[in-house]
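User: Hi! I am new to this structure and would like to know how its labels are assigned. Could you walk me through a few?

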Amino acid sequence: MPRKAGTGTKSDRQRIQFAYNADREMPIGVVFRYLIDNPRLSSREGKHKGLDAMSAFWKPFAYQDCTDISEQELKVLAREAMEALSHQMALISSTFGVEMPEAELGPPQEQLQELIQQAVTAAMLNLVESGAIAMPQSNRQLPSQPQAPEGVDFDEDAVLGGLLDEHDKVA
């Protein structure tokens with residue numbers, strides 16, 4: 001079973017030697033030159049900045065695969081990694097005057113509206129089929145555009161809290 005990273009005494013710890021040779025003119029060589037030969041940073045500081053950037057992405061994956069930490073601890077590491085990457089993105093954005101990419105937190109608005117309409121239609125049809133709401137026999141099939149059964153007062157604003165625009169509301 002893997003042990004937690006960072007455990008053990010100084011005398012029994014094992015060190016990792018990491019060396020990488022890159023052509024100075026290749027993209028990764030340009031990055032290493034910037035980090036190591038930068039007059040504003042010591043070579044050690046530059047190496048640490050590079051390692052911090054690499055760790056910001058890979059750390060949660062490494063801990064998931066190489067340690068026995070809990071799911072909750074992994075979530076904390078993942079959140080910390082995301083915050084570090086977000087700060088790195090913000091620095092790039094402000095330094096170079098480019099907009100941050102839009103984060104997709106869920107389905108696009110149109111898909112969300114369609115899903116809500118489908119759910120409302122299904123719920124209304126279930127109420128009709130269960131007999132909780134009376135509806136003429138000719139309207140019992142699923143309509144192509146979700147609509148409330150005739151004779152049923154359906155206040156979308158009350159049910160959906162204004163999630164739909166005026167043109168998206170059920171007729």
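Predicted model: local features only at pLDDT ≥ 70, side-chain atom pairs only at ≥ 80, totals over all residues.

User: Why is T67 called buried?

Analyst: Buried means under 20% relative accessible area, exposed over 50%, and partly exposed in between (1.4 Å probe, protein chains only). T67 has 10% relative accessibility, so T67 counts as buried. T67 sits in the loop between α2 (43-66) and α3 (71-96); helices are DSSP runs of H or I with at least four residues, numbered from the N terminus.

User: What lies 2.5 Å from a polar atom of the side chain of T67?

Analyst: That is the backbone oxygen of Y63.

User: Why does A53 count as partly exposed?

Analyst: The relative accessibility of A53 is 34%, so the label is partly exposed. A53 belongs to helix α2.

User: What makes the pair of Y20 and F32 edge-to-face?

Analyst: The structure holds four aromatic pairs. Rings of Phe, Tyr and Trp (its six-membered ring) pair if their centres lie within 6.5 Å; planes under 30 degrees apart count as stacked, over 60 as edge-to-face and the rest as tilted. The ring centres of Y20 and F32 are 5.7 Å apart and the planes stand at 70 degrees, so this pair is edge-to-face. Y20 lies in the segment before α1 (27-37) and F32 in helix α1, twelve residues apart.

Notes. Residues numbered from 1 in each chain as written. Heavy atoms only, no water. Helix = DSSP H or I, 4+ residues; strand = E, 2+ residues; numbered from the N terminus. Polar contact = N/O pair within 3.5 Å; in protein donor to acceptor, adjacent residues only side chain to side chain.
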